[in-house]
Amino acid sequence: MPSLIAVDNIFGSIIRGRLSESSGVPKAVANLASKLTEATIQLWQKTSSKMLPTPAKFHYLFNMRELSRVFAGIFEAPRETVRDEVYLVKLWRHECERVFSDKLTNLADKEWENNCILDVIEDVFGGEMRSNVQGMCYFVNFLGDPIIDADGVVEDERPKLYEEVKDREFVKNKALEFQSKHNEENKVGKLELVLFEYALEHLMRINRVICMDRGSMMLVGVGGSGKQSLTRLASFIAGNFTFQIVITKHYNTGNLFDDLKLLYRTAGVQGKPVTFIFTDAEVKEEGFLEYINQILSTGEVSGLFAKDEQDTIVGEMRPIAKKEAGKGFVDSADNLWKYFRDRARNNLHVVLCMSPVGDLLSSRCRKFPGLINCTTVDWFLAWPEQGLRDVSESLIGRVDMASTAEVKTAVINHMGTVHKIVQDATLEYFQKFRRNVYVTPKSYLSFIKSYTDVYKREKDKVDVLKIKIDNGLEKLFQAQDDVKKMKVELAAAEVVLADSVKKSSELMKEISVATQAAEKVKSSAKEIADAANEKATTIGAEKAEVERDLEAAKPALLEAEDALKAIKPDDIKNLKSLKNPPVVIKIIFDGVLILRRRQMGVNCYKDNYSEASKMMNESSFLADLQNFPKESITDEDCELLAPYIHHQLFTEEMAAKASGLAVGLCKWVKAMETYHMIAKVVIPKMDALRLKEAELATAMKKLAAAEAELEKAQSETDKLQQKFDEAMSEKQRLQEEADTTKRKMDAATQLLNGLAGERDRWTQQSADFADQIARLAGDSAIACGFMSYTGPFNKTFRDLLLGTLFLEDIMSKNIPVTKNLSVTTMLTDEATTGQWNLQGLPTDDLSIQNGILTTTASRYPLMVDPQGQGLTWIKNKESSNDCKETSFVDKMFRTHLEDCMSYGKPLLLANVEEELDPVLDPVLDKAFQRKGKGYIVALADKECDVEPEKFKLYVTTRLANPHFTPELSAKATAIDFTVTMKGLEDQLIDRVVQ
C-alpha cells in the first residue's frame with residue numbers, strides 16, 4: 001500500500017485540480033474539496049480496521065481500489081452542479097456508501113458503516129455539516145427529459161446528468177416509464193417489477209456503475225431477489241445493449257469465445273455500451289470464470305481473436321480512431337488495437353449475479369480475485385418487511401375483495417409477515433433437522449399470485465352457491481305471491497267461463513235455425529242443378545252429332561276454296577278470249593250460272609256462254625265465288641243443277657283437259673251441291689239445338705240464382721258457425737287457463753308446504769354466505785401460505801406454520817378466518833382424494849397435502865421422494881395421459897421434453913440430483929410466449945411449441961436430504977414426500993381396514 005502522503009498526493013491533487021476556484025466553483029467549495037482526501041482516507045482506515053474478512057465475509061477487503069471508486073463517483077457529477085459545500089459533502093457521502101456500505105452482508109454492518117461515514121463528516125467538516133447531510137442521499141443520472149432541437153428532432157434520448165435525488169417518488173415514476181418503454185420495445189422478456197424503496201435503491205446502484213467507464217458489478221443475493229431483472233431495467237435506462245449467454249447441453253469454451261467476440265465488436269468497433277449479465281448458473285465450466293476474470297482485470301481475453309480477425313478489426317477501427325482521437329493520433333496497427341481494446345473495456349460492463357449460499361462463491365473469488373477486486377459489490381439482503389408490504393399492496397390492491405378496507409390492509413400486512421415467519425422457520429428447521437430450505441422474493445411473488453387466484457376462485461364458487469340459494473328463496477317467495485294471485489285469477493276466470501258457456505248455447509240455437517233454412521235452399525238448388533245437368537248432357541250429344549255432319553262437308557268446301565284460289569286472272573283472261581270454248585267449259589259455267597241464279601235458257605245444255613262471259617268480266621267474279629252464301633242454296637237449285645253434275649263431261653278429269661279454271665269451278669259447283677245436301681239435313685237439327693240451348697241457358701240462370709241464394713244462406717251459416725267456434729275456442733281457452741291455474745296453485749301450494757323447512761334453512765344459509773365470503777380473506781391466506789411455502793417442510797413444521805404461526809398472525813390482525821380450517825378440505829374434495837388413493841397415493845394426511853401441492857401449486861413440483869411413493873402415484877395418475885418418463889442421463893431427454901411440450905403430455909423427470917439442467921430454466925419459469933394462435937418457449941438454441949394448459953412437468957429425486965439452491969427453490973415447488981412414522985402408521989391402519 002502507498003503511504004498516506006502518497007495517497008493524498010494522488011487523489012488530493014486530482015480533486016483539488018477539478019474543484020479549484022480557477023475551474024469556476026465557489027471558494028468555499030474549493031476549500032472543502034481539499035479535505036475530501038483526508039476524510040476518505042480516515043473512513044478507509046476505520047473501515048479496514050473494523051470490517052475484517054472472515055469465511056462468511058471473504059470479500060471484506062478494502063484497498064486503493066475503494067479509494068479510486070469513491071473519487072471516480074465524485075467526478076461523475078459535473079463541476080457546475082456542485083453549488084455549495086453541503087451538496088459536495090452529500091455527493092461524497094453517497095459515493096462512500098456505494099463503495100463501502102453496499103458490499104456489506106448484513107444490516108448491522110451497514111448501519112455501522114453509515115454511522116462511521118457521518119462520524120468522519122463530523123470530524124472533518126464539523127457537526128453542523130453532519131446535521132445538514134443526514135437523511136436520504138442518492139444521486140442518479142437518468143432524471144432528465146430527452147433533448148429535442150428546434151426542428152423537433154431528438155438529439156439525446158437519454159441525457160445523463162449525475163444529480164441529487166430530491167424526490168424518491170419522482171425517480172420511481174421515471175423508472176416505471178422506462179420499464180413501460182422496455183416492454184413496448186421488447187415483446188419477449190417483459191419486465192413487471194414492483195419498484196418499492198429497497199428495489200429502487202438497488203436499481204439506482206446498478207445504473208450508477210454501468211454508466212461509468214469500465215464499471216462492472218457483482219450482485220450477490222439468493223435466487224429470485226431481482227438481480228437480473230433490475231440489471232436489465234438499469235441497462236435499458238442507461239441505453240446499453242444487454243446480453244446474456246444461453247446455456248445449451250453442448251455449450252463450451254468455443255461458444256463462449258464466439259459470444260465474447262460479439263460483445264467486444266459491439267463495444268469496441270460500434271462503440272455501443274454493453275451490459276454482459278453472467279450468473280453462477282451459467283458457469284458450466286470453471287474455466288469460464290478465468291476468462292471473466294481476465295476481462296475484469298485486464299480488459300481483454302488472451303487468444304480471443306485470431307490474427308486475421310485482429311487485422312479486420314484494426315482496419316475497421318482506423319477511420320473511427322482518426323475521427324475521435326484527432327490529428328495527433330498515429331494509426332499504427334498497435335495503436336489501433338490498443339484503441340480498440342480501451343474502447344471495448346470502457347464500454348463493456350460485466351454484471352455478475354451470484355448466490356451467497358454455500359462456499360462456492362468464496363472459493364471462486366479466491367481462485368479468481370478479479371471477480372471481487374475489479375467489481376463494485378452490491379449485496380442483496382432479504383427484502384425488508386416494508387418492501388414486502390409495498391409489493392403485496394401493489395398486487396393485492398388491484399384485487400376486488402369483498403371485505404372492508406381495514407381487512408384488506410391487514411391482509412396486505414399479513415402477506416409480508418408470513419414471508420418473514422417462513423424465513424425464520426427455515427433457520428429453525430435447519431437447526432432441528434439439518435435440512436436446507438430457502439424462501440426467496442420469487443417465492444413471495446408466487447405466494448401473492450396464488451392468493452389472488454385462490455381468493456377469486458373460492459369467491460366465485462361461493463357466489464355461485466349464493467346465487468343458487470338466493471334464486472331458490474326468490475322462487476319460494478315468488479311462489480307464495482303467485483298462489484295468492486292465482487286464487488284471484490281463478491275466481492275471475494270461473495265467472496268469465498260461465499258467461500262464455502251461456503253465449504255458446506245461444507249461438508248454438510241460432511246456428512240450428514239457420515242451418516235448417518240453408519238445407520232447404522240447398523235441396524231446391526240441387527233439383528234445379530240436376531235438371532240443368534241432364535239437359536246439358538243431351539244438348540251436348542246432339543251438338544256433337546251436328547258438328548260431325550258439318551265436318552263431313554268440310555273437305556269438299558276446303559277443296560273448292562283451294563281450287564278457287566288456284567284460279568289466276570290469266571286463266572279468266574284466256575277463257576274470255578275464246579270465242580267458242582269446249583262444251584265441258586260451257587256445261588261447268590252453266591252450273592255456276594245456276595248457283596248464282598243468273599239468266600240462262602230454259603233447256604238444258606243450251607249454249608249460255610255469252611252470259612258466262614259477262615259474269616267473268618265482273619271484277620269481283622272470284623271474290624263473289626269465294627264469299628258465296630252457300631246457306632242460300634235451295635233444293636230447286638240442286639234440281640236444276642243435277643243434269644249438269646251428272647253429265648259425263650262434268651268431271652274434274654274432263655275439265656282439266658279443257659282449262660285449269662274449269663277444274664276449280666267444277667270442284668266448286670260439286671262442293672256447293674254436296675254442302676247443300678248435307679246442310680238440309682243438319683240445319684233442322686241445328687235449329688232444334690238452338691232451342692234446347694236457349695232452354696239450357698234459362699235453366700242455368702235459375703241454377704245460378706239458386707246457388708247465389710244457397711251461397712248467401714251458407715255464408716250466414718258459416719258466420720254463425722265461426723262465431724260459435726270462436727266462442728267454443730274461448731270457452732276451451734278459459735277452461736284450460738282455469739285448469740292450469742288450479743294445477744299451478746295446487747303444485748305451488750304443495751311445493752311451499754314441502755319446502756317450508758328448507759326455506760328457513762336456505763334463509764339462514766344465504767345469511768351465512770356473507771360471513772363465508774368475509775372469511776375467505778383469512779382462509780385464502782392460510783391456503784396459499786400452505787401451497788407456496790410448506791412443501792419442503794415435514795409434517796411437524798407444516799402443522800406449526802399452518803395451525804399456529806400463520807393463524808396467530810391472522811387472529812392478531814383481526815382478519816376473518818374459519819375456525820379449525822382444513823386446507824385439504826378447502827383445496828380438494830373426497831372424490832379427488834379417493835381417486836388419488838386408487839392411483840397409489842397413501843391415505844395419510846401428509847400424503848394428501850403433498851397431492852394437493854403437486855396438482856395445485858403455481859410452480860412445477862420438485863418431489864423429494866426417497867421411498868418412491870410419489871413416483872408410483874404420478875406414474876399411475878398420468879398413465880392414461882401418455883406420460884413419458886425420462887432422466888438427464890437419457891440420450892432422448894431433450895426429444896422427450898420437446899415432444900411432451902408440443903403435444904401437451906405429462907413429462908416425468910425422475911431421479912434428479914441437486915441441480916437441474918439449465919435447459920429447463922425457461923420451462924420452470926413458464927416463460928411461454930404467444931406466437932400466432934399457439935405458444936412457444938425458447939429452449940436454449942431453439943424455439944419449441946408448447947401447450948401450457950395441457951403440459952405438465954413432474955421432477956422427482958431419490959435423495960433423502962437434497963440441498964437445492966435458492967434459485968431452484970424459487971423456480972419449482974419443492975415437496976417433501978418422505979414417509980414419516982405417523983404417516984406409516986396411518987398407511988398400515990388403512991391397509992388393515994381394507
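Which residues does K971 touch, not counting residues up to four places away in sequence? Select K971 and you will find K442, R859, D921, L924 and D925 in contact with it, where contact means heavy atoms within 4.5 Å.

Before going on, a word on the model. It is predicted, so local features need pLDDT of at least 70 and side-chain atom pairs count only at pLDDT 80 or more, while totals for chains, interfaces and linings use all residues. Residues are numbered from 1 along each chain as its sequence is written, and side-chain values use heavy atoms, with hydrogens and water left out.

**Stop 1: around K971.** Stay on K971, which sits in helix α35 (residues 966-971); helices here are DSSP runs of H or I, at least four residues, and strands are E runs of at least two, numbered from the N terminus. K971 has a relative accessible area of 17%, so it is buried (buried is under 20%, exposed over 50% and partly exposed in between, with a 1.4 Å probe and protein chains only). Now show the side chain of D921: a polar contact of 3.1 Å joins it to that of K971. Such a contact is a pair of N or O atoms within 3.5 Å; within protein, one must be able to donate a hydrogen and the other to accept it, and residues adjacent in sequence count only if both atoms are side-chain atoms.

**Stop 2: the largest nonpolar core.** Next, select M218, F276, F278 and Y451, the residues with the most contacts inside a core of 147 residues. A nonpolar core is a set of buried Ala, Val, Leu, Ile, Met, Phe, Trp, Tyr and Cys residues joined through side-chain atoms within 4.5 Å. Helix α27 (residues 756-789) gives the largest share of this core, twelve residues. The core lies between domain 2 (167-381) and domain 4 (828-993), because both give residues to it; the domain bounds come from an automatic or database assignment. A second, separate core of 45 residues includes F62, M64, A77 and M129.

**Stop 3: helix α18.** Select residues 405-433, the 29 residues of α18. Just after α18, look at R434, with a positive phi of about 55°.

**Stop 4: L649.** Finish in the loop between α24 (635-645) and α25 (652-658), where L649 lies. L649 counts as partly exposed, at 21% relative accessibility. Leaving out residues up to four places away in sequence, L649 touches V583, V584, I587 and M654.

Conventions:
Expected span 1.5 Å × (residues − 1).
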